[in-house]
Amino acid sequence: MTQLYVVAITMAFLATVMSGEPISECYKVICENEGITINPFVLENLERTTTTSYFLCCRNFTLNLAGNRKQKSFQRLSDNDVLALSKCLLNYRTLTGLDMGYNNISDEGAAYLAKLLEAQDTMLRSLDLTFNNIQTNGAEVLASSLQGNSSLLSLRLSGNKIGRKGGLNLAGMLRVNMTLQELELGECDLEMQSMIALSTALKNNTTLRSVDVSRALLFSLLEEWAVHFSKMLPVNNSLVELHLGKMGLTDTGMERLSEGLKLNHRLRYLDLRCNRVSRDGALHLSRVLKENSPLEVIDLSSNRIEDPGAEYLSEAICCKGSVLRELSVCRNNISTRGLLSLAGALSNSPTLTHIYIWGNHLEEPVCQAFRELLNTGRLAPEQTDVRPYEVDGHVFLAELFHHLRKHHFFIDVNEQNAGSDSPQNQ
């Protein structure tokens with residue numbers, strides 16, 4: 001009886017697909033046969049999808065089911081919703097992008113998605129699972145499914161507490177998978193062993209372009225992870241974007257990291273926000289910029305480089321070897337001297353176009369300098385986070401909610417050729 005029931009379900013579903021019915025009808029059939037309550041949010045998005053599929057003979061499509069919405073009566077996705085969706089999408093293989101971030105998906109839901117990734121003719125190229133409830137076991141099944149997958153280009157798992165073992169499993173996957181181009185593991189409770197394993201895997205991986213390992217749980221004062229990443233950077237020829245925010249990086253770690261950066265000829269985006277880098281760390285970084293570094297974007301926001309650090313960077317920016325285009329030094333305890341040196345660097349640099357300074361000591365000479373840069377057109381309003389205004393003859397700066405873009409050099413896999421090396425359009 002059980003076998004007959006399964007056959008009946010399968011035949012009913014296939015009949016729906018073969019008839020060219022919209023994908024929303026297939027979802028309803030699956031939910032009915034599996035005894036799963038239909039999620040109105042999922043159904044609404046599927047109905048919005050114009051695809052009417054006949055297996056592989058339909059146009060590509062993406063699904064945005066992210067749970068960070070402000071809709072009334074909004075219902076976040078659960079594991080049962082993922083079960084129904086994954087069974088439905090197994091026969092709609094032209095799905096190229098799936099965003100399920102900010103939902104209630106656990107290891108069970110991750111296992112259902114792993115089966116989707118294991119399908120031989122899947123065309124799924126991006127999977128976003130940020131800030132769900134996936135832990136070690138979920139990361140393990142996803143890593144296992146990606147060892148044989150040759151379609152997925154982007155996997156975002158930030159905010160899932162996969163821990164040390166989950167990080168080790170994904171590092172092992174990177175030794176085998178030579179398709180993935182973006183991996184986000186920020187705020188995943190990675191530990192030192194995970195960081196070392198990832199840096200080791202990156203020595204041999206030739207396809208990964210963007211990596212985010214921000215806010216790992218690192219309790220050692222020796223900053224061994226910085227030494228391992230420093231050794232990885234000279235031999236890695238694919239990485240263009242590296243996010244190392246909230247790592248507790250000190251000036252000593254910055255010195256170690258700089259040794260590798262000087263020998264790297266590929267990295268273009270370096271994220272060091274929310275660390276413990278001071279003036280000495282800024283000095284080490286400025287020496288990297290002076291040595292024909294390919295770095296184009298640096299995020300140093302929420303550190304403490306102060307005036308001397310800002311001056312070191314200003315000097316490096318004006319050197320012929322620097323190609324830096326975007327710099328964020330928000331909240332770095334920089335005063336008038338340092339900020340005026342940065343304003344001068346912006347005037348003299350042929351490459352620097354974006355600068356973000358909010359959260360420092362914006363005294364009137366600084367306000368006047370940046371007003372001049374904006375009024376003359378040297379600095380575009382959308383390329384900074386401040387705007388001048390005048391009260392009683394005094395110039396002040398107001399905050400604008402502009403900031404450095406993440407995924408700056410990673411191509412939108414659903415719209416552009418993944419082999420291109422150009423930044424996304426703003």
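Which residue takes a positive phi in the hairpin of β12 and β13? The model is a predicted one, and in it the residue in question is Asp-392, whose phi lies near 55 degrees in a hairpin that has two residues between its strands.

A parallel arrangement is found elsewhere in the chain, where 11 strands form an open sheet with the order β1-β2-β3-β4-β5-β6-β7-β8-β9-β10-β11. At the edges of this sheet stand β1 (61-64) and β11 (354-356), and because each of them has a single partner strand, one side of each is left without a neighbour in the sheet. From one strand to the next, the twist averages 5 degrees. In general terms, the strands of a sheet pair through backbone hydrogen bonds, in either a parallel or an antiparallel way. One of the parallel pairs here is that of β4, residues 154-156, with β5, residues 182-184, and three bridges join these two strands. Across this pair, Arg-156 is placed opposite Glu-184 in β5.

Turning to the helices, α2 (residues 23-34) and α4 (residues 79-89) have axes that come within 9 Å and cross at roughly 125 degrees. The crossing in which α2 passes α4 is right-handed.

The spaces in the model remain to be described. One cavity of 30 Å³ or more is counted, and the largest cavity has a volume of about 40 Å³. Its lining is made up of Leu-89, Tyr-92, Arg-93, Leu-95, Leu-116, Thr-122 and Leu-124, which divide by class into five nonpolar residues, one polar and one charged.

How many residues line the largest pocket, and which of them lie nearest its centre? The lining of this pocket, which holds about 580 Å³ of space, consists of 32 residues, and those nearest the centre are Asp-271, Arg-273, His-403, Leu-404 and Lys-406. Taken by class, the lining of the largest pocket has 13 charged, 10 polar and nine nonpolar residues, while the lining of the largest cavity has one charged, one polar and five nonpolar.

Terms used
Residues are numbered from 1 along each chain as its sequence is written. This is a predicted model: local features need pLDDT of at least 70, side-chain atom pairs count only at pLDDT 80 or more; totals for chains, interfaces and linings use all residues. Side-chain values use heavy atoms; hydrogens and water are left out. Two strands pair if DSSP finds at least two bridges between them. Helices (H or I, at least four residues) and strands (E, at least two) are DSSP runs, numbered from the N terminus. Axes are lines fitted to C-alpha atoms, for helices over the stretch in contact, and angles run from 0 to 180 degrees between N-to-C directions. On a 1 Å grid over the protein atoms alone, a cavity is a set of points where a 1.4 Å probe fits but cannot get out, and a pocket is an open set with protein on both sides within 12 Å along at least five of seven lines; lining residues have an atom within 4 Å of a point. Grid points are joined across faces, edges and corners, and a volume is the space filled by probe spheres set on the points. Ala, Val, Leu, Ile, Met, Phe, Trp, Tyr, Cys and Pro count as nonpolar, Asp, Glu, Lys and Arg as charged, and the others, Gly among them, as polar. A crossing is left-handed if the near helix is turned anticlockwise from the far one by less than a right angle, and right-handed if clockwise.
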